[in-house]
Amino acid sequence: MLTAAGAGAGVLRGLPCLLGVTVGMGLMMFLVPLGLGSVVLELPWALTALKWCGAAFLLWLAWKIATSAGAESAAAGRAVGFVEAAVFQWVNPKSWLVSVSAAGTYLTADSGRVVGQAALLGGLFVLAALPSCFVWLAFGASMHRLLHGQRARRAFNLTLGALLALSVVLIVW
């Protein structure tokens, strides 16, 4: 998603997507240790719903990326926004698994109140994810400079969309 945002809109216009991904996931990393994760894990239908909603959202996003025109107009250069990227974290089953795993691995009863530990976990995630996710955004932006012509951009978008759609197999399998 961040590579497509960088390729389609550049680094500056892709920053809301980057911030949405990191803040959405950081908020999840904060809320899951406070009990939200255990509620989701104890309701089998909720996990199934998350899996299929996440798969559907990924397929929709893959379609949007693959079918984008590849033109260089300002209207075509709109990346996934802050809210869309943040909400995506909440329907992405991988995000739930990472959050629950991190909470189970790094939170302990000996380390003080769970709110403080959860805030630290969420904050550390945001701090670590911003630079590492920025690399994907910048990579996409560098590809934008290399993709001269509508045909090359179209092929790039099709490839990214197909790879994203293919990743859905990992979720539903």
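Trainee: In which helix is the place of Thr159?

Mentor: Thr159 has its place in helix 7. A helix here is a DSSP run of H or I with at least four residues, and a strand is a run of E with at least two, numbered from the N terminus. This is a predicted model, where local features need pLDDT of at least 70 and side-chain atom pairs count only at pLDDT 80 or more, while totals for chains, interfaces and linings use all residues. Residues are numbered from 1 along each chain as its sequence is written, and side-chain values use heavy atoms, leaving out hydrogens and water.

Trainee: Why does Thr159 count as partly exposed?

Mentor: Buried means under 20% relative accessible area, exposed means over 50%, and partly exposed is in between (1.4 Å probe, protein chains only). Thr159 has 45% relative accessibility, so it counts as partly exposed. Thr159 and Ala62 are 97 residues apart in sequence, yet 9.7 Å apart in space, C-alpha to C-alpha.

Trainee: What makes Asn157 count as buried?

Mentor: Asn157 also lies in helix 7, but its relative accessibility is 11%, so it counts as buried. From Asn157 to Ser99 there are 58 residues in sequence and 30 Å in space, C-alpha to C-alpha.

Trainee: And why does Trp63 count as exposed?

Mentor: Trp63 has 57% relative accessibility, so it is exposed. You will find Trp63 in helix 3 (residues 44-66). In space, Trp63 is 6.2 Å from Gly161, C-alpha to C-alpha, although they are 98 residues apart in sequence.

Trainee: Is Cys17 buried or exposed?

Mentor: Cys17 has a relative accessible area of 0%, so it is buried. Cys53, with 44% relative accessibility, counts as partly exposed.

Trainee: Which residues make the nonpolar surface patch?

Mentor: Leu19, Val23, Phe82, Val83 and Val87 make this patch of about 410 Å². Patch residues have over 30% relative accessible area and no salt bridge; like charges are joined within 9 Å, and nonpolar side chains (Val, Leu, Ile, Met, Phe, Trp, Tyr) within 5 Å. A salt bridge is a side-chain nitrogen of Lys or Arg within 4 Å of a carboxyl oxygen of Asp or Glu. Areas come from the Shrake-Rupley method with a 1.4 Å probe, and for residues only the protein chains shown count as cover.

Trainee: Which helix gives the most to the nonpolar patch?

Mentor: Helix 4 does, with three residues. Helix 1 (2-31) and helix 4 (82-91) each supply at least two. Val83 lies in helix 4, and it counts as exposed because its relative accessibility is 58%.
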